Amino acid sequence: MEWIDLRSDTVTKPTAEMRKAMAEAEVGDDVYGEDPSINRLQEMAAERTGKEAGLFVSSGTMGNLAAVLSHCNRGEEVILGNLCHTYIYEAGGIAALGGVPPFVVMNQPDGTLLINDVKNAIRKEDVHFPHTRLVMLENTHNRCGGVPLSVEYTQTIADLAHQHGLQVHLDGARIFNAAASLGVTAEALTHPVDSVTFCLSKGLCAPVGSVLCGTRDFIQKARRIRKQLGGGMRQAGILAAAGIIALEKMTGRLTEDHERAKILASGLAQTGGLLLDAGSPFSNMIFANLADAVQLSAAQIAEQFKKKGVLVGVTGERRFRFVTHYWIDDQAVQKITQAWREIYSSLQ
Ligand SMILES: *Cc1c(COP(=O)(O)O)cnc(C)c1O
């Protein structure tokens with residue numbers, strides 16, 4: 001069966017064009033800096049984010065970890081949100097492997113951190129306290145509904161951080177979704193920050209990889225840390241070849257995924273039984289709760305969807321996430337809407 005998979009945009013498989021480019025990729029030893037495809041991808045990524053240099057890494061998690069370890073020494077603190085990916089989903093790597101403790105500030109529903117909360121989190125000079133070194137933002141903000149952070153907000157946080165001698169790292173796993181959603185360039189969103197990671201392997205469809213971008217000096221440091229983490233790959237141009245197509249061909253079409261998310265959201269809402277989060281979707285993610293009248297749990301409803309060939313994300317006892325991506329076309333949107341209509345009417 002050909003699944004309609006809405007669990008995440010990480011499920012996207014490479015396109016035929018990517019597979020062909022991978023088969024034909026020019027490669028070399030990237031630990032020697034001699035892989036032409038990797039070098040090209042890194043240059044393209046740096047250009048797209050307006051930074052001096054880029055570094056191909058195996059995952060977004062490795063990109064964020066290498067970034068934090070490059071910015072911070074052991075015992076230096078990073079200010080981040082309680083709902084951010086690095087805090088929740090990266091196995092505590094910054095603390096476990098880097099000795100970098102997080103100072104946790106509450107994320108607002110729109111994915112931001114309050115300016116005052118960040119200001120108050122910056123440590124004063126005192127022998128009792130760790131030094132604050134870094135502030136982290138996430139854009140789009142996954143756990144806050146795929147909401148984009150604006151250029152103005154990013155600039156305000158960066159100004160505050162820089163006034164206090166801190167650096168800013170952006171987890172821009174879905175920065176091109178944020179750009180598409182706001183109608184701005186990715187570069188406008190990354191300009192205020194010192195470093196950024198973005199994923200090639202989510203909505204951009206590449207099979208593996210992320211790119212960390214920043215100044216030349218920063219990337220040189222991050223390259224050593226990547227090696228230390230076991231992330232120095234050899235003929236990784238095979239992977240970069242797909243990443244190049246991701247950057248050339250896939251960023252411009254993300255608005256289609258956002259449009260389809262809107263159409264799907266309105267189809268689901270019209271049927272009833274699902275209460276969409278206010279404003280959802282902001283990008284390619286729809287978040288919804290089961291209405292009180294529905295007796296079954298989200299997991300049980302997901303089972304029923306599965307019987308109809310649709311895989312949905314269950315993110316709570318009564319909560320769902322539906323993510324649109326390259327492999328969800330108009331016909332799939334219709335099938336999903338129809339599936340929910342059938343499931344919902346069978347419950348009446
Ligand atoms: C997916 C994701 C990452 C990185 O995930 P990997 O699976 O390690 O590539 C980082 N941050 C956010 C917000 C993400 O959604």
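Reader: How do you know that β3 is joined to strand β4 (residues 102-105)?

Author: Four bridges join the two, and they run parallel. Two strands pair if DSSP finds at least two bridges between them, so β3 and β4 count as paired. Strands here are DSSP runs of E of at least two residues, helices are runs of H or I of at least four, and both are numbered from the N terminus. A word on the source: this is a predicted model, where local features need pLDDT of at least 70 and side-chain atom pairs count only at pLDDT 80 or more, while totals for chains, interfaces and linings use all residues. Residues are numbered from 1 along each chain as its sequence is written, and side-chain values use heavy atoms, with hydrogens and water left out.

Reader: What joins β3 to strand β5 (residues 132-138)?

Author: Three bridges do, again with the strands running parallel. In β5, L134 is the bridge partner of V78.

Reader: Why is strand β3 (residues 77-81) called mostly covered?

Author: Five of its five residues are buried, where buried means under 20% relative accessible area, exposed means over 50%, and partly exposed lies in between (1.4 Å probe, protein chains only). In a regular strand the side chains alternate between the two faces of the sheet. On one side of β3 are E77, I79 and G81, on the other V78 and L80, and all of them are buried.

Reader: Why does T86 count as buried?

Author: T86, in helix α4 (residues 85-88), has 4% relative accessibility, so it counts as buried. Leaving aside neighbours within four places in sequence, T86 is in contact (heavy atoms within 4.5 Å) with N64, L80, I94, M136 and D171.

Reader: What makes the link between the side chains of T86 and E90 a polar contact?

Author: Their distance is 3.1 Å. A polar contact is a pair of N or O atoms within 3.5 Å; within protein, one must be able to donate a hydrogen and the other to accept it, and residues adjacent in sequence count only if both atoms are side-chain atoms.

Reader: Which residues are around the ligand?

Author: They are S59, G60, T61, N64, H85, E90, E138, N142, D171, A173, R174 and K202, each with a heavy atom within 4 Å of it. Helix α3 (residues 60-71) gives the largest share of this shell, three residues.
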